[in-house]
Amino acid sequence: MNKLSKSKRAQILSMLVEGMSMRAITRVTGVSINTVAKLLNDAGAACADHHDETVKDVKASRIECDEIWSFVYAKEKNVPRATSAPEGAGSAWTWTALDANSKLMVSYLVGDRSGATALELMDDLRSRLANRVQLTTDGHKAYLEAVEGAFGGDVDYAQLIKLYGPSGNNEHPESRYSPGQCIGWEKRGVEGAPNPAMVSTSYVERSNLTVRMGNRRFTRLTNAFSKRIEKHCAMLSLFFTHYNFCRIHKTLRVTPAMEAGIDNTVRDCEWIVDLIDARAPKPGPRGPYKKRANQPEISN
């Protein structure tokens with residue numbers, strides 16, 4: 001069977017993590033949409049495996065958590081009347097846990113906004129840390145029981161609760177997607193002895209912008225949103241692996257993985273292709289040649 005070259009596959013992966021839609025990639029590269037879709041599936045699985053294998057025993061001091069909203073197939077309110085809505089259609093929340101010092105995305109998870117999903121994130125985060133940390137989240141109530149259930153008392157946990165006012169004249173259409181004006185905040189210690197000066201979610205909220213800028217599926221008012229939850233998760237796995245291991249942070253001058261001490265060099269998209277190939281099943285031995293029905297004999 002035909003197989004794209006390593007450089008072509010790396011080019012497609014680079015376009016995906018830089019915010020191009022799959023249809024745009026097919027127009028630029030001349031590759032079929034099915035080929036791009038399969039490459040994304042393979043990359044997502046390989047990157048998820050690599051994240052599980054390497055992002056562990058992280059020595060961090062401050063972790064910030066947040067959730068990013070998006071949707072799959074249709075918005076939640078439209079799912080009941082949508083035709084042929086697949087499993088997982090509706091709101092899809094991406095939960096993230098970021099190391100504030102190295103900017104490493106330590107843990108991420110796609111799910112709903114329930115306490116069960118929050119607990120799953122916290123359990124995964126706890127399993128990847130090597131030491132006690134100071135943890136900051138927003139005021140979402142689901143975090144309270146999740147942090148307690150995952151960490152017990154072995155964490156310095158605080159919530160940063162922001163207070164919002166109106167964003168301006170709400171009668172104008174242009175104000176529809178404007179965030180509310182932050183008019184104040186409250187720092188609330190929950191567990192342990194968090195340092196009030198370090199209670200912040202600024203870095204993880206900035207990473208939300210990075211996700212939206214580099215992931216076309218999060219762009220509002222387009223038709224580039226994910227049609228299936230599997231593709232949504234695959235794209236996030238690819239994006240976060242590229243962010244951790246391939247993308248040089250402008251302030252740190254190295255990748256987050258290098259800053260966190262879990263890697264020692266800058267990776268690239270050809271390296272991700274190598275991860276895909278290493279995970280692919282090896283071709284087995286060919287069976288004996290069998291003549292098809294009505295096939296003429298081949299003479300020398």
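User: Before we look at any residues, what counts as a salt bridge?

Analyst: A salt bridge is a side-chain nitrogen of Lys or Arg within 4 Å of a carboxyl oxygen of Asp or Glu. Side chains of opposite charge can pair when their charged atoms come close. Please keep in mind that this is a predicted model. Here D52 and R128 form such a pair, at 2.7 Å from N to O. D52 belongs to helix α3 (residues 33-54) and R128 to helix α4 (residues 115-128), so the bridge links distant parts of the chain, 76 residues apart.

User: Are D52 and R128 buried or exposed, or something in between?

Analyst: The two partners have separate answers. D52 is partly exposed, with a relative accessible area of 45%, while R128 is buried at 6%.

User: How many salt bridges does the count give?

Analyst: The count comes to 13 salt bridges. One of them joins R9 and D277, with the closest N and O atoms 2.9 Å apart. R9 sits in helix α1 (residues 6-17) and D277 in helix α9 (residues 269-279), so this pair ties together parts that are 268 residues apart in sequence. R9 counts as buried, at 10% relative accessibility, and D277 as partly exposed, at 25%.

User: Which residue does R113 pair with?

Analyst: R113 meets E67 in a salt bridge of 2.8 Å, N to O. R113 is in the loop between β3 (105-111) and α4, and E67 is in strand β1, 46 residues apart. E67 is buried, with a relative accessible area of 7%, whereas R113 is partly exposed at 34%.

User: Now for the cysteines. How many disulfides are there?

Analyst: The count is 0 disulfides.

User: How do I read empty space inside the model?

Analyst: Rolling a probe the size of a water molecule over the atoms shows where empty space is left. In this model the count comes to 1 cavity of 30 Å³ or more, and the largest cavity holds about 60 Å³ of space.

User: Which residues line the largest cavity?

Analyst: The lining is made up of W69, S70, F71, R212, R217, F218, T219, R220 and F225. Strand β1 (residues 62-72) gives the largest share, 3 residues. By class, the lining has 4 nonpolar, 2 polar and 3 charged residues.

Terms used. Residues numbered from 1 in each chain as written. Predicted model: local features only at pLDDT ≥ 70, side-chain atom pairs only at ≥ 80, totals over all residues. Heavy atoms only, no water. 1 Å grid on protein atoms, 1.4 Å probe; cavity = no way out; pocket = protein on both sides within 12 Å on 5 of 7 lines; lining within 4 Å. Points joined across faces, edges and corners; volume = space filled by probe spheres on them. Helix = DSSP H or I, 4+ residues; strand = E, 2+ residues; numbered from the N terminus. Nonpolar A, V, L, I, M, F, W, Y, C, P; charged D, E, K, R; others polar. Disulfide = S-S within 2.5 Å. Buried < 20%, exposed > 50% of the residue type's maximum accessible area, 1.4 Å probe, protein only.
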